[in-house]
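Try each task before you read its solution.

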Amino acid sequence: MSLANRYRPKTFDEVVGQKFVKRVLMRALERKDIPHALLLAGPRGIGKTTLARIFAKGLNCELGPTSKPCGTCRFCREIDEGRSVDVVEIDAASNRGIENVREIQEQLRYMPVSRYKVYIIDEVHMLTTEAFNSLLKTLEEPPPHVVFVLATTDPHKIPATVLSRLQKFHLKPHSISDIVERLKYVSSQEGISITDEALRMIAERSEGSLRDALVLLEQAHIYSDGTITERDVAEMLGVVPDNLYAQLMESILAGSFKEAYEKVMEITERFSPVDFASGLVRYLERHLLSDSTLPFEERVVLLRMALDMEVHIRQSSDPYAWLTYDVARMCAFKRVVNLDEISRYLGEPPKGSRPAGVGEAQSPPPARADEDPIERLRREKPTVAGYVADATYTREGDTLHIIVSSSVIARKIEREVEAIRRAFGVREVKVQVRKSGGFGDLFGEIKRDWESLD
Ligand SMILES: Nc1ncnc2c1ncn2[C@@H]1O[C@H](COP(=O)(O)OP(=O)(O)OP(=O)(O)O)[C@@H](O)[C@H]1O
Ligand SMILES: [Mg+2]
Ligand SMILES: [Zn+2]
């Protein structure tokens with residue numbers, strides 16, 4: 001038997017969370033004021049079937065109706081073991097039709113062996129319209145010895161006419177801390193050793209479902225030898241640890257493609273490209289948006305690039321090629337994008353909003369004779385300096401020849417020949433476009449790609 005089934009609560013006290021539903025059901029049993037048609041609604045694996053069965057036991061226990069079913073009498077045991085003739089569980093997903101409802105209705109005249117006939121109808125929203133219509137009358141006036149407990153993950157699909165005849169309960173997804181606590185309890189009972197961080201990762205991935213959490217715990221237990229660590233869970237779930245992303249972002253922000261590429265290759269030895277990319281998006285959402293060391297626009301652009309990468313990788317038959325391209329693109333983002341362009345991209349007015357120290361607004365400090373011309377140019381025209389640095393350039397007498405790989409960049413450079421002439425101390429600047437392989441081309445491609453985003 002699976003962990004999830006073995007640890008299905010048998011009493012109200014054992015049920016985690018769901019305080020409101022629990023209290024109402026227990027009170028109804030104590031006051032012997034029994035609702036005859038109720039609906040338990042809520043996402044998967046949070047206790048709907050569990051509560052329905054405990055309620056059935058409370059109704060039919062030899063000591064009952066009681067909020068504390070004994071668990072040892074004949075009726076309690078039969079319900080726990082799923083062989084009670086009075087508690088009927090029906091899966092509406094596979095019994096959707098009017099004939100299935102008629103079948104139930106025909107059985108209603110037989111008296112129960114214990115106190116109540118309890119019909120638990122799971123995924124009730126799957127019933128056909130005719131089936132619902134036929135069920136309406138029965139729900140309105142069920143025989144006194146009959147209780148309907150309907151359960152659904154999708155209450156919106158139940159017709160209003162049906163809903164209005166039910167006592168409705170909305171069960172909530174479990175909190176991370178409730179799940180962690182339950183997992184701790186189960187692992188201590190089972191002698192499973194697991195670190196707190198690993199527990200938290202499982203709880204987070206379960207999205208509020210205790211069943212999912214227990215299934216993952218069981219998987220992790222099989223997967224790891226000895227203590228279950230966060231590394232085991234990370235690999236099992238395809239969750240790339242934050243510290244690997246932190247290292248990668250350092251290389252990306254430093255603009256070092258070689259370093260970044262090596263890190264990515266290291267990560268994708270252990271994780272799939274999709275897990276890597278979707279994890280990077282989540283990492284950037286969490287860290288980058290609150291990081292104040294980068295200008296806001298740059299952070300948004302990096303996030304956008306990561307999102308592009310996720311889309312590319314999910315849709316491509318060659319995810320590794322996209323991985324390479326998109327990581328290169330992220331490394332180049334500072335050179336590719338100046339703040340004007342980002343502002344244009346974000347649809348904001350750029351002028352006047354430029355932070356000090358960036359762009360053409362400043363007048364350049366006087367040049368030092370021994371200084372590298374690129375550095376000199378960088379102080380005056382940082383973007384163009386980046387373009388020139390990436391290009392091939394040679395000086396012939398009084399002329400500087402610059403060879404670039406894209407006409408877009410050539411035009412950018414040509415617009416700033418004055419500054420280039422000053423920085424290099426030449427009389428003439430000639431720009432030539434020559435398609436080359438490798439990174440130069442990639443850079444031009446990024447640029448075109450970028451401009452087509454407008
Ligand atoms: N509130 C809870 N307290 C303790 N365990 C729970 C709870 N909810 C779910 N579980 C665990 O998850 C398992 C499945 O729960 P249950 O069958 O009640 O879920 P459900 O809400 O009916 O889900 P589904 O919509 O998928 O049918 C249980 O056997 C139990 O181990
Ligand atoms: Mg269920
Ligand atoms: Zn009992």
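Some ground rules come before the exercises. Residues are numbered from 1 along each chain as its sequence is written, while chains are lettered from A and ligands numbered from 1 in the order in which they are written. This is a predicted model, where local features need pLDDT of at least 70, side-chain atom pairs count only at pLDDT 80 or more, and totals for chains, interfaces and linings use all residues.

**Exercise 1.** Find which residues come nearest to ligand 1.

Step 1: collect the shell, taking a residue as near if its C-beta atom, placed from the backbone, lies within 6 Å of the molecule. You get 21 residues, with R8, G47, K48, T49 and T50 nearest.

Step 2: look for elements giving two or more residues; they are α1 (3-6), α3 (48-60) and α10 (210-223). Helices here are DSSP runs (H or I, at least four residues), as are strands (E, at least two), numbered from the N terminus.

**Exercise 2.** Track down the cis peptide bond at P65.

Step 1: check the bond from G64 to P65, whose omega is near -5°.

Step 2: For background, most peptide bonds are trans.

**Exercise 3.** Decide whether Q18 is buried or exposed.

Step 1: locate Q18 in the loop between α1 and α2 (19-31). Phi of Q18 is near 50°, a positive value.

Step 2: count neighbours. Q18 is buried because it has 23 C-beta neighbours inside 10 Å, and the cut-offs are 20 or more other C-beta atoms for buried, 12 or fewer for exposed, and partly exposed in between.
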